[in-house]
Amino acid sequence: MTVDQSPRPLPILLRMSPAPQTVTAISSCTATTTTAKDGEPTPSPLPPQTSPKSSSIATRPHPKPGYPTCKLRFECHDLSHDGAEVFFSNSKASHDLSAAVTTVLSILYTPSQSNSHIPPVRSVTLVLEAMDTLAYTKGMELDNDHKEIHFSLQYISKIPVSRRRDEIQGVLVHEMVHCWQWNAFGTAPGGLIEGMADFVRLKAGLSPPHWKKERPEKWDQGYQHTGFFLDWIEVQFGDGSIGRVNEALMNKRYDEDAFWVSLFGKGVQELWSEYCETLPLKEGEDAVMVEREQQKPTDKLEKVLE
């Protein structure tokens, strides 16, 4: 075996260059770390500040407040009744109940973000049944936020053909008011409660032809009599006046002396007297008024002589 004894070249030693400075660059929204020669980190510059005016992010507008909604239900206790046929031929319950809710809320209330000033009605059920009463509204015994409108099939069957559509909707609007109005914890006069319902029906253009402006005995005689009086107040004191009347019945019991003065600066009797002056006299009232005017000086003279 022959051994190679020739000299081998020495290995070449590589000279290492010094480590370069390290720079870690991150996006403009994050920090930047720089290593100096001495190995100590230096503070990173703050990202550029942008003024609010130059911001490209659009501000979302607040949603417009709307009216509350509730579940609408329908029941008919006797489909074979003549009144049921009249109702189904002239009304679509889902549409007409929804329209009645919208009508009532738009006349009595202005919506807000919370709508805490509107009764928290959760459902309204229309019940068609055979009964002698025209219609009535009540809250369910277990939960008063669930309302029921009961409508007489007998009454519906007797509505004149030309009036069926408007009369059915007019009654629905009247009764729907009772679902959404305040009543001063049950202390408000019944005539005011019923008058407010007919006021809304009147404003909705659903008043029947037999309604007339008359001189009833008292302001809270109810129904259309008080409804026309409330309409006069709405005209005299501006749109939304009866909405204010309704909302004033929300949180406290009814005190007639203070209630109307706080709203309109006058008592209800004074308002009623002013309203009655705008109404035509009934037959025979002209003579009575003249007789009273003629008696006044005599009465005063007799008092002086006494």
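## Basis

Residues are numbered from 1 along each chain as its sequence is written. In this predicted model, local features need pLDDT of at least 70, side-chain atom pairs count only at pLDDT 80 or more, and totals for chains, interfaces and linings use all residues, while side-chain values use heavy atoms, without hydrogens and water.

## The sheet

Four strands make an open sheet, in the order S4-S5-S7-S6. Strands are DSSP runs of E, at least two residues, and helices are runs of H or I, at least four, numbered from the N terminus. Two strands pair if DSSP finds at least two bridges between them. The pairing here is mixed. S4 (71-76) and S6 are the edge strands, each pairing on one side only.

S5 (123-129) and S7 (146-152) run parallel, joined by seven bridges. Leu-126 stands opposite Ile-149 in S7.

## Helices on the sheet

H4 packs on the sheet and touches S5, S6 and S7. Contact means heavy atoms within 4.5 Å. H2 (93-108) lies across S4 and S5.

## The largest pocket

A pocket is an open set of points on a 1 Å grid over the protein atoms alone, where a 1.4 Å probe fits, with protein on both sides within 12 Å along at least five of seven lines; lining residues have an atom within 4 Å of a point. The lining of the largest pocket numbers 23 residues, and Glu-167 and Arg-201 are among the closest to its centre. H4 gives the most to this lining, with five residues.

Terms used
Axes are lines fitted to C-alpha atoms, for helices over the stretch in contact, and angles run from 0 to 180 degrees between N-to-C directions.
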